[in-house]
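Good morning, colleagues. I would like to take you through some side-chain contacts and surface features of one model, beginning with the charged pairs.

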Amino acid sequence: MGINYQLPGDFKNMEWFFDSSLFGNGYSWIFPHRKTVSIGTYAGSNIVSARQLKENLIKWAADTKHIDLSQVKVSADYVNFDFRGWKFDNFFLAGDAAGLASGLTGEGIYPAILSGEMIARYILDPGRSLDEFFRLLKKHRLHRNMAVFTGKNRFIAQILSELILTGLRCSILKFHTVEMASSSACR
């Protein structure tokens with residue numbers, strides 16, 4: 001489940017926040033745009049109900065950033081990461097329709113673009129290599145498995161997020177290893 005508030009604001013930095021007591025195995029964010037800011041959260045709906053996730057986000061924004069979201073229009077949607085295939089006879093599914101978003105981060109733009117391009121190329125040339133797409137599927141499975149694993153226990157979710165963040169801060173992990181957009185990291 002992804003929940004998002006878009007409001008006017010002049011924020012300089014993109015920020016992510018991990019708190020398993022509020023967001024389960026997910027996170028909250030502040031993503032600045034030119035004259036607005038996106039404040040939202042993502043978490044597995046089997047871990048935190050949509051209602052509770054929204055309440056937690058509103059509380060978190062008020063307590064940590066002194067931002068009142070209670071009167072701001074909210075948007076929300078499920079993030080589909082239940083991949084079951086992309087080709088069904090002469091029907092093709094790409095992106096969210098195919099369940100290719102990341103279960104770990106909710107990221108879906110890159111898988112949508114890559115799968116759409118791959119399907120178009122496949123239709124034009126069925127013999128073309130699908131290696132890049134298969135690398136994406138491998139990364140997708142890893143993200144899904146991690147989301148399922150961390151969704152079973154908030155303590156595990158907190159420990160894993162702390163390990164990943166520490167690895168990123170200390171340059172032990174490179175950012176491309178935890179995002180979907182770098183399918184070459186799966187090679």
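K12 and D10 are both exposed, that is, over 50% relative accessible area, where under 20% is buried and anything in between is partly exposed (1.4 Å probe, protein chains only). These two residues form a salt bridge with their closest N and O atoms 3.2 Å apart; the term requires a side-chain nitrogen of Lys or Arg within 4 Å of a carboxyl oxygen of Asp or Glu. This is a predicted model, in which local features need pLDDT of at least 70 and side-chain atom pairs count only at pLDDT 80 or more, while totals for chains, interfaces and linings use all residues. Residues are numbered from 1 along each chain as its sequence is written, and side-chain values use heavy atoms, leaving out hydrogens and water.

By this rule, the salt bridges number five. Another of them joins K65 to E15, with 3.0 Å between the closest N and O atoms. That pair links distant parts of the chain, since K65 belongs to helix α2 (residues 50-65) and E15 to strand β2, 50 residues apart. Helices (H or I, at least four residues) and strands (E, at least two) are DSSP runs, numbered from the N terminus. K65 is partly exposed, at 28% relative accessibility.

Within helix α2, K59 and D63 are four residues apart and thus separated by about one helical turn. Their side chains meet in a salt bridge at 2.6 Å, N to O. Relative accessibility is 47% for K59 and 46% for D63, so K59 counts as partly exposed, as does D63.

I turn now to the aromatic residues. Which residues form one aromatic cluster? They are W16, F18, Y27, W29, F31 and Y42. Rings of Phe, Tyr and Trp (its six-membered ring) pair if their centres lie within 6.5 Å; planes under 30 degrees apart are stacked, over 60 edge-to-face, and the rest tilted. The count by this rule is 12 aromatic pairs. W16 and F31 are edge-to-face, because their ring centres lie 5.8 Å apart with planes at 75 degrees. With W16 in strand β2 and F31 in strand β3 (residues 27-32), this pair ties together parts 15 residues apart in sequence. The rings of W29 and F31, by contrast, are stacked, with centres 5.4 Å apart and planes at 15 degrees.
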